[in-house]
Amino acid sequence: MEKKWIFEGLKIADFCTAAVGPLPLKYLADHGAVVVKVESSQRPDVVRTSGPFKDGIYELDMSAWHPNYNTSKFGLALNMNRPQALDIAWKLIEWCDVLGESFTPGTMKRWGLEYESVVRVKPDIIYYSTCQQGQDGPHAQFRGYGPHASAVAGVYHLTGWPDREPATIYGAYNDFIAPRFATAALVAALDYRRRTGRGQHIDLSQYECGATFMAPVIMDYFANGRIQSRRENRAPDAAPHGAYPCAGPDEWVAVAVTDDPQWKAFCRAADRPDWAEDDRYRTLLARKEHEEELNREVASWTRLYPADRIMSELQAAGAPAGVVRNYEGLFNDPQMAHRGHFVRLEHAVIGEHHYDGSPYKLSKSPQGPRWAGPAMGQHLEKVCLDLLGMTEDELAEYVAAEVFE
Amino acid sequence: MASEPMPHTLLSPYRILDLTDEKGLLCGKILADMGADVIKIEKPGGDPARRIGPFYRDDPHPEKSLYWFAFNTNKRGITLNLETTDGQELFKRLAVSADFVIESFPPGTMDRLSLGRRCLEKINPGLILVSITPFGQSGPYVEQQYQVTDMILWALGGVMSISGDPDRPPNQISFPHAYLHGGAEAAQGAMMALYARSVMGRGQHVDVSIQQCLPMCTMNTMQYWDMYKVNLPCGVYKRGMVRADGSSLYNPRLWPCKDGWVFLMVGGGALRPLVLSSEALVAWMSERGAAGGLEGCDWEAFDSTTITQEEIDRQRRVIEPFLMAHTMAELYEEAIKRKILLAPVNDPKGMAESPQLAARGFFVEIEHPELGVRLKYCGPWVQLSRTPLSAWKRAPLIGEHNREIYEQELGLSREQTITLKQAGII
C-alpha cells in the first residue's frame, strides 16, 4: 500500500527569508505540503547573497546554502517595483491555507498583506509571522539576524572563558532554536483547525524561543540573584570534563567522566591505574580541586593518539567520549551514515550536492527532502498555470507587464 | 461540533505519558504548554533529573531544582516502577487511552519491559510513540553502547568544532543545549505524527536522534565542506569574514563597549539592511562629530571579496572608540531607533530585565505553595491569537497526582495504592 504524504494538498504561501521563517515551511513541504516560495531580487534573501557559492560565483542562484533551507518548495520571483506584483501576492493568498512571513513588523501592513487584512478574505487562514523580538513591544523594530538574537539571548555571554571576552558560536545559532518551536506550534495549529475550522495568527519571537532554552539560568537570577557566566567546558558535577587535543592538527575529543566506574574505566583505557589511586584524583571532589592539573594530565595522553581512537577506546572501556566532529568528520561519521542523514539532491543551477535529512524517522509516513530548493522563479509556469489556475493568456499579460523575474 | 464549546488550547483533547529524563523533558513541556494533558511518570522517589541545578536558594533538594521547574511546566506527575509486572500493567492501562508516549530510554528498554512498539500498537493502534535518544534506535554507536552527556553530543553533532576561540579548546555553551535541541525537535516530530494520524487513522513511531538535530546549528558550514572541502576553523565567525576560498580577514563582529560587548555588523554591498545599518551608524557618529574618515563612505560599494585588511582596520579605528564611549544599553536603544544591526551581549540579568520580554508578557509568576512563594518563570514562547499559552502551572511534586490518576481515574482502592507504595511499585 502506497504511503500517504502527511500534508498532501496543504497549500502554503512562503514570503519568508533567512532561516526561522523558511525552515518550518520547508519541514511541511518535506512532508508533502505544496509550498510556493515568493522571492524578489529587490529584496534578495540574505541566505542567497551569502556563500558559499558554486565556483566562487556571487550570484543569487549560485548559493549552495539557500537550497538547503527551501527543499521541496516551488519558486516564484516577483518584481516588487511593478504594482501588479501585488495581484499575484493576493492570488497566492486566496489560494493558500497557510501563509508565512518573516519581515520586520509593519512591513506586510505597508503592502496591505498583514494578518488583519488577509483574515477578512481568508477567515480560517493560519498566518505565521516570525521576527527577532515579536510583533509588538518597545523593541519590535529591532534589526538583526541570528547572531544578534544569539547575543541578546545570552548565548555569547555563556560561551568561552572567564578570563577574556566572550567567545561565539559560528553563525546564526539562535536561528536553529526557534524553528523547532515554530513547527510544533504550526502543526498543532493545523490540527486545531482540522478539528474546529478555526485558523489564527502565530507570532513567534526568536528571542523568546532562545530565552526558553536559557530558562533555568534566567530563573537562577530571579530566584537567587545569580548572574551565571561562562566557565569554558567545566561541569559542576563531573571531572574530567572538557575537550582535549588529539594527535591530528585541530583534532579534539570531548571527554566526560560522571561517576566512579567511568573514572576507573578511563584510567584503564589510558593505562594509568595510578590515577585512580592518586589522592589528587581518587574522588570527584579531589578531581574538582585539582582540575587544572588533571586536565593537563588527560591532555598529555590524548595528544598522542587520533581522536577516533581515543573515543573508541574510552567507550569500549566504559567512559563517555566523543570526537569533536568538523564537517568532514560528520560526513564520515558511521552513525550519521547509518541514519542516512546526508541526502544528495540535484539543483537546477548548481547541480548535485548534499542536504540535511530529517533528524527523526517516522515509521509509517514518507519523509523528504523531496527536491532541492528552487532557483529564482524556477516554477513560474507550474505555480501560475497549475497551482493558481491562470490561463496562458492571463500569464502572458502579467509577463508582458514585467511582473515576474 | 456546533454544540461543543470551542477549545481554549491547541492540544486539549490529547493525553501524553512522559517517561523522559533530561534528554527529552522539553518535548513534554512544549506540548503541555500548548494544552495537552501531559503526565510525567517518574520512578518512585523521583527522577534523577531533579538533581540538576541550579536550585531554589541553592538548596539541592529534589523539589527545588530550577532546571526541573523550567522544563516540566504544566505537567501532572505520578510515580511508577516500570521494572515490575504491576508497574507494566498499570502503564498499559494508562496507554489504552493515551495519544502519545514519549521516552528517552536506551534503545531496547521498552521492548525489554514488554512495553515496546508492537505491544503498544496492539493495545492502542492510535498511540504515537516518540523515542528521544542520543543516536536513534539503531546503528554502530548504539550497538557499541556509546555513553554520552550533553557535551559529548554537542561534539559529535558538529557544533563544538565551531564554538569558541581559535587559540584554545573548542567549547560548549556553559548552560548546555544539545538535549534541548533533541527535545524541541521531538515536539515537532510528535506533531507531525499527530497530523499523520488524522490522515491514516493510526499512530506510529517517531525515532529522534539528538546527534542528527545538531548539524543544522552550524549554519552553512556543511556547504563550505561540500563546495570547497574547507572545514571552518573554530572562532572564525568572531574573527570576521570568511571568503569563498575559506580564507578570512580580521573583522571581528564582537566589539567592546563601555560596560561590556556588543555584536555589530559593519559592511554593505548586496545586503541592503547592512548598507542602511552602516549608513545609520556613520550618521549617528557624525552627529557627535566622531565619524572621522567614514564620513560619506559608500557602503553600497562595499565589496567583501576585494576589501583589504587595511581598509577594514581604518574603519575599526573610527568605530572602536565610539563604541567604547557608550554602554550596552545606550547602544541598544539607539540601534533600535536608527535601525543599526547591533545587539548587546546580554547576560541573564539583561534578559531578566528586558523591557521587551516584560511588555510581551513573556515572564509569568507561578505559585509554589510548598515553598510559600510565587516564582518567576519564562512563559509563552509563542503568541497565538486564538489559543494563547495562558495557563501556567508549576512542575509536579514527586507523585503529586498519584491519587488523581491511580484512585480516581483507574479506580484503585486506597488499600491497593498503599500496597503498591510500600512495595516500591509507585
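Two strands pair if DSSP finds at least two bridges between them.

**Ground rules.** I am looking at a predicted model, where local features need pLDDT of at least 70, side-chain atom pairs count only at pLDDT 80 or more, and totals for chains, interfaces and linings use all residues. Residues are numbered from 1 along each chain as its sequence is written, while chains are lettered from A and ligands numbered from 1 in the order in which they are written.

**Entry 1: chain B as a whole.** I began with the overall extent, and the C-alpha trace of chain B spans about 85 × 50 × 50 Å along its principal axes. I found 18 helices and 13 strands in chain B; helices (H or I, at least four residues) and strands (E, at least two) are DSSP runs, numbered from the N terminus. Of the 426 residues in chain B, 54% are buried, where buried stands for 20 or more other C-beta atoms within 10 Å of the residue's own, with C-beta atoms placed from the backbone.

**Entry 2: domains of chain B.** Domain 1 covers 15–215 + 364–422 and domain 2 covers 253–352, with bounds that come from an automatic or database domain assignment. Their C-alpha centres in chain B lie 43 Å apart.

**Entry 3: strand β4 of chain B.** Which way do the residues of β4(B) point? B:F100 and B:I102 point one way, B:V101 and B:E103 the other way, and all are buried. In a regular strand the side chains alternate between the two faces of the sheet. I then checked the neighbours: β1 (residues 15–18) of chain B runs parallel to β4(B), joined by 3 bridges, and B:L17 stands opposite B:V101. Strand β5 (residues 128–133) of chain B also runs parallel to β4(B), through 4 bridges, with B:V130 as the bridge partner of B:I102.

**Entry 4: a sheet in chain A.** Here 3 strands form an open, antiparallel sheet in the order β8-β9-β10. Its edge strands are β8 (241–245) and β10 (321–323) of chain A. Neighbouring strands are turned by 20 degrees against each other on average, direction ignored. I counted 5 bridges between β8(A) and β9 (residues 252–256) of chain A, and A:P245 has A:W252 as its bridge partner.

**Entry 5: helices on that sheet.** Helix α14 (residues 291–302) of chain A touches β8 and β9, at about 40 degrees to β8(A). Contact needs C-beta atoms, placed from the backbone, within 7 Å; axes are lines fitted to C-alpha atoms, for helices over the stretch in contact, and angles run from 0 to 180 degrees between N-to-C directions. Helix α15 (residues 307–317) of chain A lies across β9 and β10, running at about 160 degrees to β10(A).

Notes
Contact = placed C-beta atoms within 7 Å. Buried ≥ 20, exposed ≤ 12 C-beta atoms within 10 Å, placed from the backbone.
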